[in-house]
Amino acid sequence: MDVIIDTADSIGDLVAEEISQLLRTKSDAVLGLATGSSPLRIYDALADRSSRGEVTFAHASAFTLDEYVGLPDGHPCSYRTVIHEDFVARVDFQPGTVDSPDGAAADLHTECARYERRIADAGGIDFQILGIGTDGHIAFNEPGSSFASRTHVGTLAMQTRLDNARFFDGDIDAVPRHCLTQGLGTILDARRIVLVATGDVKAEAVRQLVEGSVSALWPATILQHYPAVTVYVDEAAASLLTLADYYREIAALKPSLPSPAAF
Ligand code: F6R
């Protein structure tokens, strides 16, 4: 696990640059998109690059991580709507190339199985962006989730409903109780994972993710078993990391390391 401590703006630029490079070498890359506040600077930086003609999504496709159950199509808080406004509509994805689980499907379990198949049929996810919940969830895999889980119907934890009430005019009763979410096993199949966390509200979850024991109580800790994850955090989110200075030193010394080809 690589840990990079930087400003929120630089994090947005660094991740946008990595995605742009991927699209230059693999124009039909499959991206995994998180919704919420954490990736917004990445999406801003990508939209800027796209408007300058530096990156194109014309041959790319994408899958979102999760969706609330029961919100009607077009609801402003539905993740399908949110990702469209925050990112998809600002770049040149072709119509129908960004997929989300359908939280209004008549048969939610069948929809989950179909979503898994759609990801597999696309060849799997090349680059997955993740945020992290204050309770350590990734996607909507709440504490207690199976590390091997696939896309499934989940129940949102009270902490997540409290945290996300800000998107529902502060009304916790308006936050759905259920969701569809890629499972932890689904997420771990991605070929590259980047997790972004900013702000002191994320400090404890980041501490557990990076330095805690792998535990169902903090689902994101399963990423310790994933070989190619980079965790980007700002100073506030890094504030509880015991080894923060060491992570800074590793990052500073990285340019002087021999390239992998030299080993
Ligand atoms: C959203 C998602 C969630 C969020 C997490 C953090 O698609 O998968 O895991 O990444 O709840 O949300 P923000 O970024 O709003 O703090």
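**Surface patch, sheet and salt bridges**

Leu 243, Tyr 246 and Ile 250 form a nonpolar patch on the surface, and together they expose about 280 Å² of accessible area. Patches consist of residues with over 30% relative accessible area and no salt bridge, like charges being joined within 9 Å and nonpolar side chains (Val, Leu, Ile, Met, Phe, Trp, Tyr) within 5 Å; accessible areas come from the Shrake-Rupley method with a 1.4 Å probe, and for residues only the protein chains shown count as cover. The model is predicted: local features need pLDDT of at least 70, side-chain atom pairs count only at pLDDT 80 or more, and totals for chains, interfaces and linings use all residues. Residues are numbered from 1 along each chain as its sequence is written, and side-chain values use heavy atoms, with hydrogens and water left out.

Tyr 246 lies in helix α8 (residues 244-253); helices (H or I, at least four residues) and strands (E, at least two) are DSSP runs, numbered from the N terminus. Tyr 246 is partly exposed, at 48% relative accessibility (buried means under 20% relative accessible area, exposed over 50%, partly exposed in between, with a 1.4 Å probe and protein chains only).

Seven strands make up an open, parallel sheet in the order β1-β10-β9-β6-β2-β3-β5, where two strands pair if DSSP finds at least two bridges between them. Since β1 (2-5) and β5 (98-99) stand at the edges with a single partner strand each, one side of each has no neighbour in the sheet.

The structure contains 17 salt bridges, each a side-chain nitrogen of Lys or Arg within 4 Å of a carboxyl oxygen of Asp or Glu. One of them joins Arg 191 to Asp 126 (2.9 Å, N to O), residues that are 65 apart in the chain. Arg 191 is partly exposed at 44%, whereas Asp 126 is buried at 8%.
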